[in-house]
Amino acid sequence: MIVAEQISHAYQAGDREVPILHGISLHVQPGEMVAVMGPSGSGKSTLLYCLAGLVRPTGGEATLNGTRLSTQSDAQLAKMRRSELGFVFQSYNLMPTLSGFENVALPFRLGKQQPPVDRINQTLATVGLAERAHALPSQMSGGEQQRVALARVLAMRPPIVFADEPTGALDTRTGVVVLNELVTLAHTEGHCVLTVTHDPSVAARCDRVLFLFNGRLAREERNPSADQVASIMTELTAELERSRDEAGR
Ligand SMILES: Nc1ncnc2c1ncn2[C@@H]1O[C@H](COP(=O)(O)OP(=O)(O)O)[C@@H](O)[C@H]1O
Ligand SMILES: [Mg+2]
């Protein structure tokens, strides 16, 4: 459902190009939940933005559900994001003037659909926000805002979900609840989830884990345990530090 072929990206910083991603190729199949892990600044969010059509990569091609994103106009990409994609942003991206409930209803309104009130309330209850549904984002904790962002995707159930550190602000128990929901959605026919995480126990719930270091995929593991994930991260981090030391000498 998600295919990346040799995706590269560089940000323009003044008159200088800062390369972030270097030829990333990956695929996510229907029914799959895949995690991306890597140190801060390794390009994980940028990779998700390129794959979701939020940023046009400087090189390579992303294909979603058979549509090559480079062939689509900005308006076509926006339409595709409304109908086929869900994105849980690292910074939540809630509308500040709308309540929790209204934020979850918004994608339905934008898609010219009647918001399914019962389903939205159920989803808000599942993520533990039944009592907070009518508060504004500014009246919510980070964890509550993150759960609204998750409910927005879980109520919509789009075929392709991108989630950027979706449990980063949640306590362990709530994190497990929303992770279960994401896994269930990913394992439903015709759906998939690609999530960034720093948490080895979240990665261990995924079917595959991709390790992104310095803008390159360094390794891939199928069904690793949390301990395996943690030791791979330690190993790759040490390797990266060694190569930086050598480059600095
Ligand atoms: N809009 C931007 N303009 C310039 N540099 C950026 C921009 N967004 C991110 N970067 C830089 O790109 C690198 C990778 O960022 P990001 O994809 O957010 O990494 P991660 O999500 O793995 O922490 C970082 O060094 C960051 O400072
Ligand atoms: Mg990030």
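## Second largest pocket

Helix 6 provides the largest share of the lining of the second largest pocket, with 4 residues. The model is a predicted one. The volume of the second largest pocket is about 150 Å³. Its lining consists of Thr 167, Leu 170, Asp 171, Thr 172, Gly 175, Val 176, Leu 179, Asp 199, Ser 201, Val 202 and Arg 205. Two or more of the lining residues come from each of helix 6 (172-186) and helix 7 (200-203).

Sorted by class, the lining of the second largest pocket holds 4 nonpolar, 4 polar and 3 charged residues.

## Largest pocket

The largest pocket has a volume of about 480 Å³. It is lined by 18 residues, and those nearest its centre are Arg 81, Leu 85, Phe 89, Pro 107 and Arg 152. By class, the lining of the largest pocket comprises 12 nonpolar, 3 polar and 3 charged residues.

At least two lining residues come from each of helix 2 (74-84), strand 6 (85-88), helix 3 (100-110) and helix 5 (142-156). Helix 3 gives the most, 4 residues.

## Ligand 1 site

The shell around ligand 1 is made up of Tyr 11, Ile 20, Pro 39, Ser 40, Gly 41, Ser 42, Gly 43, Lys 44, Ser 45 and Thr 46. Of these shell residues, 3 are nonpolar, 6 polar and 1 charged. Helix 1 (residues 44-51) contributes the largest share of the shell, 3 residues.

Backbone N or O atoms lie at these distances from an oxygen atom of ligand 1: 2.7 Å for Gly 41, 3.0 Å for Gly 43 and 2.9 Å for Ser 45. Ligand 1 taken alone exposes 560 Å², and the protein buries 57% of that.

Methods:
Residues are numbered from 1 along each chain as its sequence is written. Chains are lettered from A and ligands numbered from 1 in the order in which they are written. This is a predicted model: local features need pLDDT of at least 70, side-chain atom pairs count only at pLDDT 80 or more; totals for chains, interfaces and linings use all residues. Side-chain values use heavy atoms; hydrogens and water are left out. A residue is near a molecule or strand if one of its heavy atoms lies within 4 Å of it. A polar contact is a pair of N or O atoms within 3.5 Å; within protein, one must be able to donate a hydrogen and the other to accept it, and residues adjacent in sequence count only if both atoms are side-chain atoms. Accessible areas come from the Shrake-Rupley method with a 1.4 Å probe; for residues, only the protein chains shown count as cover. Ala, Val, Leu, Ile, Met, Phe, Trp, Tyr, Cys and Pro count as nonpolar, Asp, Glu, Lys and Arg as charged, and the others, Gly among them, as polar. On a 1 Å grid over the protein atoms alone, a cavity is a set of points where a 1.4 Å probe fits but cannot get out, and a pocket is an open set with protein on both sides within 12 Å along at least five of seven lines; lining residues have an atom within 4 Å of a point. Grid points are joined across faces, edges and corners, and a volume is the space filled by probe spheres set on the points.
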